[in-house]
Amino acid sequence: SATFVLLWLCVHTRSLSMGFAAIIVVVLALLHAVALYKIFFPHRFAVINALALFIVLGLGADNACILSDLWQQSEAFCQNRTERLTYTLDKGFTAISACAVTTAASFLANVISAIRPVRMFGTFMG
């Protein structure tokens with residue numbers, strides 16, 4: 001699964017380093033999330049939370065593809081790299097934020113579940 005995501009990112013971005021960087025950023029973010037979860041909920045970590053790696057890899061790959069596409073689009077509108085970066089981040093912020101908020105809300109909806117592992121997974125992912 002992670003190998004497929006890496007290959008797809010390398011093909012889509014046309015860069016091996018961008019593909020690896022996106023995967024590394026996702027894994028590091030997940031490690032930070034696990035550390036924070038263990039600080040706030042020290043005695044609870046369900047096995048189902050391991051599924052988070054696959055979900056977060058998909059979300060991170062989606063965000064990397066959005067930024068890559070916007071960077072390529074910016075070439076037609078912008079004169080220099082600073083303008084291209086501003087364009088990419090301005091447009092990307094809206095798309096990525098909308099995706100993050102709706103995804104977090106859908107996972108947090110699991111907090112009201114009667115099934116404890118599902119509730120814990122919703123808390124962790126939200």
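**View 1. Leu-16 in helix H2 of the predicted model.** Leu-16 counts as exposed because its relative accessibility is 55%, where exposed means over 50% relative accessible area, buried under 20% and partly exposed in between, with a 1.4 Å probe and protein chains only. Leu-16 belongs to helix H2; helices are DSSP runs of H or I with at least four residues, numbered from the N terminus. This is a predicted model, in which local features need pLDDT of at least 70 and side-chain atom pairs count only at pLDDT 80 or more, whereas totals for chains, interfaces and linings use all residues. Residues are numbered from 1 along each chain as its sequence is written, and side-chain values use heavy atoms, with hydrogens and water left out.

**View 2. The nonpolar surface patch that includes Leu-16.** Leu-16, Phe-20, Ile-24, Val-27, Leu-28, Leu-31, Leu-51, Leu-53 and Phe-54 make up this patch, and together they have about 820 Å² of accessible area, by the Shrake-Rupley method with a 1.4 Å probe, only the protein chains shown counting as cover for residues. Two or more residues come from each of helix H2 (16-40) and helix H3 (52-77), and H2 gives the most, with 6 residues. Patch residues have over 30% relative accessible area and no salt bridge, and nonpolar side chains (Val, Leu, Ile, Met, Phe, Trp, Tyr) are joined within 5 Å, like charges within 9 Å; a salt bridge is a side-chain nitrogen of Lys or Arg within 4 Å of a carboxyl oxygen of Asp or Glu.

**View 3. Arg-14 in the loop between helices H1 and H2.** Arg-14 lies in the loop that links helix H1 (2-13) to H2, and its phi is near 60°, a positive value in a residue other than glycine. Most residues other than glycine have a negative phi. With a relative accessible area of 66%, Arg-14 is exposed.

**View 4. Glu-83 in helix H4.** Glu-83 is part of helix H4, which covers residues 81-108, and it counts as partly exposed because its relative accessibility is 36%. The side chain of Glu-83 reaches the backbone nitrogen of Gln-79 at 2.9 Å.

**View 5. Thr-123 in helix H5.** Thr-123 sits in helix H5 (residues 116-125) and, at 25% relative accessibility, counts as partly exposed. The side chain of Thr-123 reaches the backbone oxygen of Arg-119 at 2.9 Å. When neighbours within four places in sequence are left aside, Thr-123 is in contact (heavy atoms within 4.5 Å) with Tyr-37, Phe-41 and Val-111.

Methods. Polar contact = N/O pair within 3.5 Å; in protein donor to acceptor, adjacent residues only side chain to side chain.
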